[in-house]
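Colleague: I have the chain open on my screen and would like to go through some of its features with you. Shall we begin?

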Amino acid sequence: MQRKLDKIMAICEKRGFFFPSAEIYGGKAGFWTYGHLGTLLKRKFENEWNLDENFYEIEDCNLLPEQVFVSSGHLEHFRDPLTECKKCHFRFRADELIEDELNINVEGIKAEAMDKIIRDNNLKCPKCGSRELTKVRWFNMMFELKVGAVGEETMYLRPETAQSAYLSFKREFYALREKLPIGLAIIGKAYRNEISPRQVFFRLREFTQAELQIFFDPKKINEVENWNKVRRYKLRMFLAKNRKSKKVVEMSCEDVVKKLNLPKMYVYYLAMVQRFYLNILKIPKEKFRLKELTEKERAFYNKIHYDVELFLETLEGFKEVAGIHYRTDYDLRNHQEGSKESMEVINEKKEKFIPHVLELSFGVDRNVFSIVDIFFKEEKERNLFVFPRKLAPIEVAIFPLVRKDKLPQKARKVFSLLKDSGFIVFYDEKGSIGRMYRRMDEIGCPAMITIDYDSLKNDDCTLRDRDTMKQIRVKIDELPQTILKFLNGEKLTKLGKIFK
Ligand code: GAP
């Protein structure tokens with residue numbers, strides 16, 4: 001819905017969530033800057049992204065040697081089909097042209113076949129309308145860099161953070177006392193030279209991924225310690241056979257294992273990911289689904305692949321924000337071959353094997369944009385973000401009722417008290433109290449505190465809930481605990497008597 005997208009973008013750009021990178025020079029498609037609020041929101045997402053207590057975070061370089069991507073298969077397979085208009089020289093993705101114009105999914109088909117579809121259907125350049133298009137050819141999406149004084153070495157900006165976990169596997173396996181399964185998590189930048197960046201954060205050229213690689217013994221793929229905790233949990237499955245009807249079926253994890261013949265460990269992590277979206281990010285259930293990908297649609301390294309899709313009004317449909325991939329031993333085996341370093345480990349039965357990998361891969365920017373879309377609310381008198389309280393970029397705002405009679409001094413003291421207690425706090429005294437409330441509503445701040453004349457007498461303040469606009473009075477020495485409870489989801493009525 002264009003109108004909603006325009007409204008959200010106007011607020012996000014004006015208030016400091018995000019805006020085009022290098023905007024004063026006109027910007028470049030596919031590159032965005034996070035402003036002060038966007039940075040806080042993104043960090044909140046990254047901090048909440050804590051899918052398994054048994055994982056360890058590592059960090060690696062963004063630039064990696066060419067040989068890494070020879071072994072990983074990215075140099076050969078990480079490509080998109082490109083065509084160019086002979087008249088206006090606009091370059092675009094052939095698969096997207098076909099999808100947009102004919103509603104046909106051409107994932108996995110050859111360049112010649114795409115070419116034929118374009119000619120048979122007389123498709124034209126989306127920019128100038130000419131039907132003179134070049135033959136479809138493959139285009140590798142990695143950014144290549146020449147490194148060294150005379151550029152003697154070729155390196156690539158990583159197109160996924162995952163490779164760094166495979167490269168570090170052996171070191172971390174020994175450092176973590178040779179136990180499987182282990183999870184290596186990376187939150188970091190990935191780079192793809194996308195042919196047509198679009199849909200705000202959905203096709204970026206530089207973006208952040210949060211990826212967890214779980215290394216395990218393939219013989220134990222059906223052994224899950226906490227299986228009983230998810231056995232009856234219902235997953236929202238959007239199966240390939242239901243694409244036309246768009247039907248989502250709710251199936252217990254137990255049924256998914258039995259009826260769809262998926263390994264228990266894989267299904268366990270489907271449940272963990274769904275719980276993260278529904279319980280932590282508070283995404284409404286009907287806006288969430290797990291989409292099955294067919295063999296043709298899966299990436300070259302995946303044996304099983306479901307995407308997390310969220311319904312976004314601004315982009316008019318369900319959109320992919322994460323993927324759960326069973327990569328088998330594809331990556332470690334290829335790195336073993338390429339580097340001549342053994343990736344084998346030994347289990348309790350003294351059997352040697354290369355661990356398999358289950359990957360939980362999240363696009364942080366797509367998730368941040370989804371949060372902004374899903375929690376935007378238009379009311380009669382105000383527009384606001386009703387972010388889950390813990391995700392809000394600014395947690396508490398503090399205002400003096402008026403800028404006189406020592407109210408600002410008292411408000412600043414409360415500001416320091418809450419800041420020292422570890423909250424993300426904002427102080428404002430510019431404008432009427434009503435306007436200050438509205439400004440904080442607009443950026444989704446859940447708790448607002450006002451220091452008024454009674455505060456001077458009683459050493460207390462008012463606490464206003466963004467969503468209901470109701471207020472209670474709280475003693476200042478009890479404020480940090482009260483705010484903590486409130487941010488953890490306690491109702492205002494449980495924390496005090498509503499007076500307004
Ligand atoms: N390591 C596996 C991997 O990279 P992917 O499906 O190519 O798999 C994973 O990417 C996630 O990264 C996607 O689900 C999406 O959220 C995000 N992502 C991928 N390409 C992106 C792009 N060009 N712009 C923004 N996010 C992207």
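Colleague: Where does Pro 181 lie?

Modeller: In this predicted model, Pro 181 is found in the loop that runs between H7 and strand E10 (182–191).

Colleague: What kind of peptide bond joins Leu 180 and Pro 181?

Modeller: The bond between Leu 180 and Pro 181 is cis, with omega about -5 degrees.

Colleague: And what about Val 200, which phi does that residue have?

Modeller: Val 200 is not a glycine, yet its phi is positive, at about 50 degrees. Val 200 sits in the loop between E10 and strand E11 (206–216).

Colleague: Back to H7, please. At roughly what angle do the axes of H7 and H11 cross?

Modeller: Helix H7 (residues 162–175) and helix H11 (residues 330–339) have axes that cross at roughly 60 degrees and come within 10 Å. The crossing is right-handed.

Colleague: Which residues make that contact between H7 and H11?

Modeller: From H7 the contact takes Gln 163, Tyr 166, Leu 167 and Phe 169, and from H11 it takes Asp 331, Leu 332 and His 335. Sorted by class, the contact of H7 with H11 has four nonpolar, two polar and one charged residues.

Colleague: Now H2 and H12. How are they packed?

Modeller: Helix H2 (residues 36–48) packs on helix H12 (residues 364–374) at an angle of about 110 degrees, and their axes are 10 Å apart. H2 is therefore roughly perpendicular to H12. Their crossing is right-handed.

Colleague: What makes up the contact between H5 and H6?

Modeller: H5 contributes Ala 94, Asp 95, Leu 97, Ile 98 and Leu 102, while H6 contributes Met 114, Ile 117 and Ile 118. In the contact of H5 with H6, seven residues are nonpolar, none is polar and one is charged.

Colleague: Let us turn to the whole chain. Into which domains is it divided?

Modeller: The division is into domain 1 (2–70 + 159–374), domain 2 (79–140) and domain 3 (385–495).

Colleague: How far apart are the C-alpha centres of domain 1 and domain 3?

Modeller: Those centres lie 36 Å apart. The contact between the two domains takes 15 residues from domain 1 and 13 residues from domain 3.

Colleague: And what area do domain 1 and domain 3 bury between them?

Modeller: They bury about 1,300 Å² between them, with 72% of it on carbon and sulfur atoms.

Colleague: Which three residues supply more than any other three of the area that domain 1 buries against domain 3?

Modeller: Those are Arg 15, Leu 40 and Lys 44, which supply 39% of that area.

Definitions and conventions. Residues numbered from 1 in each chain as written. Predicted model: local features only at pLDDT ≥ 70, side-chain atom pairs only at ≥ 80, totals over all residues. Heavy atoms only, no water. Contact = heavy atoms within 4.5 Å. Helix = DSSP H or I, 4+ residues; strand = E, 2+ residues; numbered from the N terminus. Nonpolar A, V, L, I, M, F, W, Y, C, P; charged D, E, K, R; others polar. Domains from an automatic or database assignment. Buried area = accessible area lost by both parts, 1.4 Å probe. Axes fitted to C-alpha atoms, helices over the stretch in contact; angles between N-to-C directions. Left-handed = near helix turned anticlockwise from the far one by under 90°. Parallel < 35°, antiparallel > 145°, perpendicular 65-115°, else oblique.
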